[in-house]
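Me: Hi! I would like to learn how to read a protein model. Could you walk me through a few features?

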Amino acid sequence: LIVDDGITIIREKNYPRKGSIDVFLSFSINSVKSVALIEVKVHDYLSVSPDQIRIYYEAAKEELGNDNVYFIYLTQFNRNNISSVIKVALPDSIREFEESKKKLQLSDEKIKHVSWEEFHKFINPYKNKLSNEYVHILDLQKTWMTAKSEEDMKLNKVDIGIRGLSDYFPD
């Protein structure tokens, strides 16, 4: 799909023997070819593949022939919305993002971890430009994702319980 002055969007762009990135955008910045990769996750505790970000980033960089590669990781949770009040197991998505960013030595300009909550806040002012059908789909997705995130936080709560001295120093 080519939209607006040379922006190409490919859904499920395949990198042979490496996998498929969910959304691939190709465009130019100051006449230099650039790409943005968007990997989407809806189950942070179940669907994360280790090293996936690094693999896709390096494949795009190799194919492009320069380092004008940008990466957006869209997931349920990131450091901005993971609850610090309720102790939950750290989702694999956060671990994957932070390890990949460190391994690739990327600046905040090159890689972003965006939660679905942040995505919906961003898109909200533009909903009036969308068809009623798209607005309805976004609203349904937001409702589902909110419920799914609350459920996942409950399921992944770390409960240390009440421990007595005998738990630390058995007979």
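Me: Is I137 buried or exposed, or something in between?

Reply: Buried means under 20% relative accessible area, exposed over 50%, and partly exposed in between (1.4 Å probe, protein chains only). I137 has a relative accessible area of 44%, so I137 is partly exposed. This is a predicted model, where local features need pLDDT of at least 70 and side-chain atom pairs count only at pLDDT 80 or more, while totals for chains, interfaces and linings use all residues. Residues are numbered from 1 along each chain as its sequence is written, and side-chain values use heavy atoms, leaving out hydrogens and water.

Me: Which helix holds I137?

Reply: Helices (H or I, at least four residues) and strands (E, at least two) are DSSP runs, numbered from the N terminus. I137 sits in helix α4, residues 132–155.

Me: And where is S115, and is S115 buried or exposed?

Reply: S115 belongs to strand β6, residues 111–115. Its relative accessibility is 0%, so S115 is buried.

Me: Which residues does S115 touch?

Reply: Contact means heavy atoms within 4.5 Å. Not counting residues up to four places away in sequence, S115 touches L74, T75, Q76, N78 and N81.

Me: How should I read a salt bridge?

Reply: Side chains of opposite charge can pair when their charged atoms come close. The rule asks for a side-chain nitrogen of Lys or Arg within 4 Å of a carboxyl oxygen of Asp or Glu. By this rule, the count is 11 salt bridges. In one of them, the side chains of K103 and D51 meet at 3.2 Å, N to O. That pair links distant parts of the chain, 52 residues apart: K103 is in helix α2 (residues 92–104), and D51 is in the loop between β4 and α1 (52–64).

Me: Are the two partners, K103 and D51, buried or exposed?

Reply: K103 is exposed because its relative accessibility is 52%, whereas D51, at 18%, is buried.

Me: How far apart are the closest N and O atoms of E58 and R54?

Reply: They are 2.6 Å apart, and E58 and R54 form a salt bridge. The two residues are 4 apart in helix α1, so about one helical turn separates them. E58 is partly exposed because its relative accessibility is 36%, and R54 is partly exposed because its value is 21%.

Me: What about E98 and R79?

Reply: E98 and R79 form a salt bridge too, with closest N and O atoms 2.6 Å apart.
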